[in-house]
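Here is a briefing for a first look at this structure. Please keep the sequence and the 3D view open while reading.

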Amino acid sequence: MVELILDLLGYTSDKDLSELTVVEPACGAGAFLGVIASRISASCRARGRPITDAAGALRAFDLLDRNVALSRRLVEQELYADGWGRKDARQVATGWVKPGDYLLQPDSAHLADIVVGNPPYIRLEDVPSERMDAYRNSCSTMGGRADIYIGFYEVALRSLKPGGQLGFICADRWMRNQYGRKLRQLVTRRFSMDLSLVMHDVDAFQDQVSAYPAITVISRREQGGAVAADTTRAFGEAQSREFLSWYQGGSPEPITTNALQAARLPHWFPQEDSWPSASPARLAVLEDLSERFGLLEDETTGTRVGIGIATGADKVFITDDEKLVEEDRLLPMAMVRDTTSGTIHWNGSYLVNPWNTQGDLVDLTRYPLLAAYFRKHGGALRKRYVAVKQPERWYKTIDKVDHRLTARPKLLFPDMKLTIHPVIDEGGLYPHHNLYFIVSDVWDMRVLGGLLLSKVAGAFVEAYAVKMRGGTLRFQAQYLRKIRVPDPATIRESDRAALADAFDKRDVKAATEAALRVYGLTELPD
């Protein structure tokens, strides 16, 4: 692993390594340092330079004195075995490896051409409070329940000289979870994400650990092309050499073996609050579609993604009793169970509606049945946070009713489903908060429904969405908004008809075939 990471960074002995500065921020027992020392030594030998010329070529830190001692001894022995004098080897090793907290070093100690290593994976709440506060003050990306390695990424990235590179083997959770959001934003805005080599099934460490590791290479430059790669248990030394040859060779063709999948992307995913998770081949397709097509939610087509109404007290506000209150205070509601078959089968649920068409709460004195009903449940309604905050508006729902939405044709999506499941409401129902909806001023809802029924659209959600137990996906607005779609005016009439027909028949295969034509794809890789 160490040899591979250094090779990926181009840190090889054919270069004058005494002129570069490499930093190892948490050296431990010296897994990286032994190889780095060997390469610096070979570089100096090839140029006829004494090892002392490389006194500033490496800086390594560790909090634990025993690790500092182990690493110094390892480096000294490596240099001595390579033929350097014991005194020079000891002097250089002592200068290279220092005790200290990398996250709290002055900025002057950090400037680097390369930062490489395996940062510690420790929850921030497990750090003593004073040190935790110091870390948070030093590292702006360490928000929420961040792990320590987030700070190592930030400090390392800040330290890179122009063109400098970071190469870490570390947990890849930061690429997708909430506590990594600020770090993702930092990378997207100021750096180039060059490589993500996922190694979840590889024994990448000396000890067995469950850390979801990935090798990540990030450069201080404008975002260029990127590589996404994934490995299996069969990935070993021979396979790492094969991958390195492909990576450095620049072949545009993806590589697929029993040990490895890798693909080149035109660039990494820009302006993303979350990065997708999929096979390298599928990531390459999604990135290509992201370059060629616009987002589903689009002002020019009046296409909008939203969520149904949240009440804060469904047991009070939702009823199937059509005589419960005044007739015009009952708003027919679409519930998840109404969408199960793929077409709307309304089960007779209503919202007990406190809103008028102008968006104001109704005057309860004008609605005696409604007033009596709300008073009957006043205790429950007044306990809600929204009512405590505005006691004079105690009978409001959390969200307002937008009465224009009721009559509009809309696609409805249950929040949790194994696969994407658009269902059309031609108008007349208002969605519950467990349903997400899409409305548009331009799209034919059946054509759009066919496109969204396809596996192409589903691939976007699968790549971004939170996956629940059993593979259930969350089809929330934030994930639906990731879907890329063509301009509806550019879709040929034959494809429009095919998409609409596939939607009506709930034929995912036919919808996918039509979608592939529309997107200009020959296939959708697994």
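Arg 506 sits in the loop between helix H18 (493-505) and helix H19 (508-519). Helices (H or I, at least four residues) and strands (E, at least two) are DSSP runs, numbered from the N terminus. The model is predicted, so local features need pLDDT of at least 70 and side-chain atom pairs count only at pLDDT 80 or more, while totals for chains, interfaces and linings use all residues. Residues are numbered from 1 along each chain as its sequence is written, and side-chain values use heavy atoms, with hydrogens and water left out.

**Arg 506**

- Arg 506 has a positive phi of about 55°, although it is not a glycine.
- Most residues other than glycine have a negative phi.
- Arg 506 is partly exposed, because its relative accessibility is 22%. Buried means under 20% relative accessible area, exposed means over 50%, and partly exposed lies in between (1.4 Å probe, protein chains only).

**The chain as a whole**

- The chain has 19 helices and 22 strands.
- Along the principal axes, its C-alpha atoms fill a box of roughly 95 × 55 × 35 Å.
- The chain has 526 residues, and 54% of them are buried.
- Among contacts with a separation of 6 or more, 72% join residues 24 or more positions apart. Contact means heavy atoms within 4.5 Å.
- The accessible surface of the chain comes to about 24000 Å². Carbon and sulfur atoms account for 49% of that surface. Such areas come from the Shrake-Rupley method with a 1.4 Å probe; for residues, only the protein chains shown count as cover.

**Charges and a surface patch**

- The chain carries 66 positive and 68 negative side chains. Lys and Arg count as positive and Asp and Glu as negative; His and the chain ends are not counted.
- The centres of the two sets lie 4 Å apart. The place of a charge is taken as NZ of Lys, CZ of Arg, CG of Asp or CD of Glu.
- Asp 320, Asp 321, Glu 322 and Glu 327 form a negative surface patch. Patches are made of residues with over 30% relative accessible area and no salt bridge; like charges are joined within 9 Å, and nonpolar side chains (Val, Leu, Ile, Met, Phe, Trp, Tyr) within 5 Å.
- Asp 321 lies in the loop between strand S13 (318-319) and strand S14 (330-334). Its relative accessible area is 35%, so Asp 321 is partly exposed.

**Salt bridges**

- The structure holds 27 salt bridges. A salt bridge is a side-chain nitrogen of Lys or Arg within 4 Å of a carboxyl oxygen of Asp or Glu.
- Side chains of opposite charge can pair when their charged atoms come close.
- Asp 7 forms a salt bridge with Arg 39, and the closest N and O atoms are 2.8 Å apart. This pair links distant parts of the chain: Asp 7 is in helix H1 (residues 2-8) and Arg 39 is in helix H2 (residues 31-47), 32 residues apart.
- Asp 7 is buried at 19% relative accessible area. Arg 39 is buried too, at 10%.
- Arg 49 forms a salt bridge with Glu 19, with 3.2 Å between the closest N and O atoms. Here too the pair links distant parts of the chain, 30 residues apart. Arg 49 is in the loop between H2 and strand S2 (58-62), and Glu 19 is in the loop between H1 and strand S1 (22-24).
- Arg 49 is partly exposed at 22%, whereas Glu 19 is exposed at 52%.
- A network of salt bridges links Asp 16, Glu 19, Arg 49 and Asp 53.
- Asp 172 forms a salt bridge with Arg 173, the closest N and O atoms being 2.9 Å apart. Asp 172 is buried at 2%, while Arg 173 is partly exposed at 27%.

**Two buried residues**

- Leu 448 belongs to helix H15 (residues 445-453). It is buried, because its relative accessibility is 0%.
- Beyond its neighbours within four places in sequence, Leu 448 contacts Leu 296, Leu 411, Ile 438 and Trp 443.
- From Leu 448 to Thr 257, the C-alpha distance is 37 Å, and the two are 191 residues apart in sequence.
- Gly 458 belongs to helix H16 (residues 455-464). Its relative accessible area is 5%, so Gly 458 is buried.
- The C-alpha atoms of Gly 458 and Leu 111 are separated by 44 Å, and the two residues are 347 residues apart along the chain.
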